[in-house]
Amino acid sequence: MDSHISYDAEDATTKSAASRELLQLARSLQSELERFARHLTEMYDGYFQHMPAYVYTSFASELRAEVDSLEKAMQSTDPLSSHRMQSSNLPFLMPIWDISKRSHDIVRLRCPVSTGPFKKQILAPGTRIVRTQGESQPSRLGTFVVDVIADGGHSWYKVSSMTNKRLLFDLAKEAIYVGDSDEEDNQASLQDDMDIPLFKLARTLASTAKGHRIQTKSPKAFLVLPRIKEHEDPVVDKVLDACRQLGVDLLCSDDFSRAPPLSEKLLHRMAPSPKANFSEVLNIDTSLLVALASDFSHTSVSKQAWFSHSHNDHADLENEQPMISLVYPILSNHKLVCTGEARDTFLHIADMLATESERARALLMLCHTGIEKSQEQRVQELKLLSIHDVPTCLQLPITVVDMNENGCQDRFTGPIKEKLRSMMNPGRSVFSYGWASGRTTLTCNSVIIKQLEKDLEQLPTLGDLPWPSIWAFPTSRPFVGIPKGTGKRVRKHTGDCRANCTCGMDELDGGLNNVTILSDVTK
């Protein structure tokens, strides 16, 4: 009797230690995931959409539920609590995180996608020009959860807890014989059988991936089998070969070891900054030229009775986060260019709609005949027109370039030119120039980017041409402008120009009527 009690106590102690270790592993994984989440937020600060949270939300929810369950079981006096801990889902979640730490440019963890049926390929989650969730939506007809989407959307990983023993059991249960006599017949038998769970999983993964498209290609499908030992049983090996015949790459237990601890270097591999590959010279879109000159961006604009709903919305957005705080850090000391079409459209809009201070900034941003000012002078004068600090390294004026500079448009094939031709100018000149010249384009127009992505995905291939490099800001700023029908503009000279105009306003508009000093207006 005493011996029996001793064994029970020893068994309970062993189980308790195992349970504590399991909970410690779960908390460690949770801590690493939280660190990854903070890194994502930092990397995608100022991105055109608030995307970091949905990258890991599903996985984080499952992990949180697991930690809560383990903590309750540890505190419980129920004799079955230790059994519940041993049946934890953590052994499934940990390989997912291990694969994540081995991956580059993670798009999403535990991502549900549609299994079709597909009349045509649909856009997969990932990065074409910008990071989006594509067109795949879970549906009543069929949903498949991809455990890790990485490489900007080009790699899909699905983890299975299948073991050699379980696979052999499934084969025996379905009375499937895998012999050596005729390999082709055996493969055909396996591929015809719908009831082998591992094979069904591989087939669904393969067909779902083939129904999706990312940068004109289907994602590459990986089936991760951390508990399957290859080259140990010929029967198991034949099933694995049958899975590979479907077009799925397999990663078995011998293919990877435990992932390394999280580090800054590893985090930057898992989630690199989308700004990391910006070109040295930045191409500025018309929408950003307007935002850079707007009174909304540079002054404290009070809502007016004549403001449209859009104007009121932009006033609110500016109060929440100044546009300049998003733009200046990216421009930094990059050389800035814009196409002639972008400049002409911008100046036309400024002439028709802008206030005098907005037109004054336009003068400082671009070169004008008869106005010779150094970079330092332009920066200093822009400071007088803004309530925000202006970086001394801001490269003004913005250089105007020909959209076919150095014959760069010759890089495009006929089908690509046809797709670009459907865009209206100045957008066509801006985005085709940036792409053809290999320069990053900055824009506030996310709508045109999404349409360009869809148009390019309709092409069979882009050949050796890389996809365009474009950064879309999450918001824009229009000109404040003047009330409709007034026919008069409120002048805003820089400094005291009553005697002699030194800011260039007279050269833009002529005359010195109704002069208002900016410092008086913006108090």
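Glu-358 has its place in helix H15, which covers residues 356-365. This residue of the predicted model is buried, with a relative accessible area of 0%. Glu-358 and Ala-293 are 65 residues apart in sequence, yet their C-alpha atoms are 5.2 Å apart in space. From here, the briefing moves on to another loop contact, then to pockets, cavities, aromatic rings and cysteines.

- Ser-273 is found in a loop, the one that runs between helix H9 (264-270) and strand S10 (281-284).
- With a relative accessible area of 23%, Ser-273 is partly exposed, whereas Glu-358 is buried.
- Along the chain, Ser-273 and Leu-40 are 233 residues apart, and 8.6 Å separates their C-alpha atoms.

**The largest pocket**

- The largest pocket holds about 580 Å³ of space.
- Its lining is made up of 25 residues, and the closest to the pocket centre are Asp-105, Thr-127, Ile-129, Pro-274 and Asn-277.
- Sorted by class, the lining of the largest pocket has twelve nonpolar, nine polar and four charged residues.

**The second largest pocket**

- About 390 Å³ of space lies in the second largest pocket.
- This pocket is lined by 18 residues, and those nearest its centre are His-311, Leu-353, Phe-479, Val-480 and Gly-481.
- Two helices each supply at least two residues of this lining: helix H10 (286-293) and helix H14 (340-353).
- Helix H14 gives the most to the lining of the second largest pocket, with three residues.
- The lining of the second largest pocket divides into eleven nonpolar, five polar and two charged residues.

**Enclosed cavities**

- A probe the size of a water molecule, rolled over the atoms, shows where empty space is left.
- In this model, the count comes to two cavities of 30 Å³ or more.
- The largest cavity has about 60 Å³ of space.
- Nine names make up its lining: Leu-292, His-298, Tyr-328, Leu-331, Met-365, Leu-382, Leu-394, Leu-396 and Ile-398.
- Eight residues of that lining are nonpolar, one is polar and none is charged.
- Met-365 of this lining also falls within the residue range of helix H15 (residues 356-365), where Glu-358 has its place.

**Aromatic rings**

- Two numbers describe a pair of aromatic rings: the distance of the centres and the angle of the planes.
- The structure has eleven aromatic pairs.
- One of them joins Phe-36 and Trp-97, with 5.8 Å from centre to centre and 75° between the planes, an edge-to-face arrangement.
- This pair links distant parts of the chain, 61 residues apart: Phe-36 lies in helix H1 (residues 2-43) and Trp-97 in helix H4 (residues 90-102).
- Both partners count as buried, Phe-36 at a relative accessible area of 0% and Trp-97 at 2%.
- Tyr-44 and Tyr-47 also form a pair; their ring centres are 5.1 Å apart and their planes stand at 90°, so this pair is edge-to-face.
- Tyr-44 is buried, at a relative accessible area of 7%, and Tyr-47 is buried too, at 6%.
- Ring pairs join Tyr-44 and Tyr-47 with Phe-278, Trp-471 and Phe-473 in a cluster.

**A charge over a ring**

- The ring of Phe-144 has the charged end of Lys-158 sitting over it, 5.2 Å from the ring centre.

**Cysteines**

- How many disulfides does the structure hold? The count is zero.
- Cys-252 is in no disulfide, and the nearest cysteine sulfur, in Cys-243, is 9.3 Å away.
- Cys-252 is buried, with a relative accessible area of 1%.
- For Cys-367, the closest cysteine sulfur is that of Cys-338; at 9.9 Å, this is too far for a bond, because a disulfide needs two cysteine sulfur atoms within 2.5 Å.
- Is Cys-367 buried or exposed? Cys-367 counts as exposed, at 54% relative accessibility.

How values were computed: Residues are numbered from 1 along each chain as its sequence is written. This is a predicted model: local features need pLDDT of at least 70, side-chain atom pairs count only at pLDDT 80 or more; totals for chains, interfaces and linings use all residues. Side-chain values use heavy atoms; hydrogens and water are left out. On a 1 Å grid over the protein atoms alone, a cavity is a set of points where a 1.4 Å probe fits but cannot get out, and a pocket is an open set with protein on both sides within 12 Å along at least five of seven lines; lining residues have an atom within 4 Å of a point. Grid points are joined across faces, edges and corners, and a volume is the space filled by probe spheres set on the points. Ala, Val, Leu, Ile, Met, Phe, Trp, Tyr, Cys and Pro count as nonpolar, Asp, Glu, Lys and Arg as charged, and the others, Gly among them, as polar. Rings of Phe, Tyr and Trp (its six-membered ring) pair if their centres lie within 6.5 Å; planes under 30 degrees apart count as stacked, over 60 as edge-to-face and the rest as tilted. Helices (H or I, at least four residues) and strands (E, at least two) are DSSP runs, numbered from the N terminus. Buried means under 20% relative accessible area, exposed over 50%, partly exposed in between (1.4 Å probe, protein chains only). A charge sits over a ring if NZ of Lys or CZ of Arg is within 6 Å of the ring centre and within 35 degrees of the ring normal.
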